[in-house]
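Let's walk through this fold together, starting with a covalent link and then moving on to rings and surface.

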Amino acid sequence: MHRFALLLAFPLIVAGCSQTPISGGGTVQSDLDQVAFFNEFPTLLFSAAGEACNGPGDVLVREDPGTLRCEVLPDPPSAAALILGYDGTIEDLPKYVIAFDTETRPNGYIVRNEAYIRVPQMDGGELRIKTPDRRRARDIRQIFTAAGGTMIAAPAE
């Protein structure tokens, strides 16, 4: 039952990343990144997240077993606004990103989630824009809990 709930929730989270940022230029920091502790490796969480990243233009990136990134192309008007508003490039389009990163601890695993908009820059760098989204934060907390995690406070950056 938990797997079914996770599979239903992830597409909604990914779709929720498709909001155009409401802030001005520069990187916007969010205090809404989520962190949870898992006694065992969160296989169910990573499986559900991977299965949910399957829409047109979605790219699933797995650099190692403990990381997962779903990159979603914005619609053309949003991409144009991001490129123009944040000095982006048309050679490498902006993407909405939802990422999970696992850190092994002696007694379990710490999983961090963050969502941002990545805007590749003309100089070859990238700009990461984080927009506060309390609904996404709430949904990720529910997903972490359903996958067997215990929420912990995110360390200050």
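The link between cysteine 53 and cysteine 70 is right-handed, with 85° about the S-S bond. Their sulfur atoms sit 2.2 Å apart, which makes this a disulfide (a pair of cysteine sulfur atoms within 2.5 Å). Cysteine 53 is in the loop between α2 (43-52) and β2 (59-61) and cysteine 70 is in strand β3 (residues 67-72), so the bond ties together parts 17 residues apart in sequence. Helices (H or I, at least four residues) and strands (E, at least two) are DSSP runs, numbered from the N terminus. Cysteine 53 counts as buried at 7% relative accessibility, and so does cysteine 70 at 2%; buried means under 20% relative accessible area, exposed over 50%, partly exposed in between (1.4 Å probe, protein chains only).

Keep in mind that this is a predicted model: local features need pLDDT of at least 70, side-chain atom pairs count only at pLDDT 80 or more, and totals for chains, interfaces and linings use all residues. Residues are numbered from 1 along each chain as its sequence is written, and side-chain values use heavy atoms, leaving out hydrogens and water.

Now for the rings. The whole structure has 5 aromatic pairs, meaning Phe, Tyr or Trp rings (for Trp, the six-membered one) with centres within 6.5 Å; planes under 30 degrees apart are stacked, over 60 edge-to-face, the rest tilted. Phenylalanine 38 and phenylalanine 144 have ring centres 5.9 Å apart and planes at 85°, so they are edge-to-face. Phenylalanine 38 lies in strand β1 (residues 34-38) and phenylalanine 144 in helix α4 (residues 134-146), so this pair ties together parts 106 residues apart in sequence. Both residues are buried.
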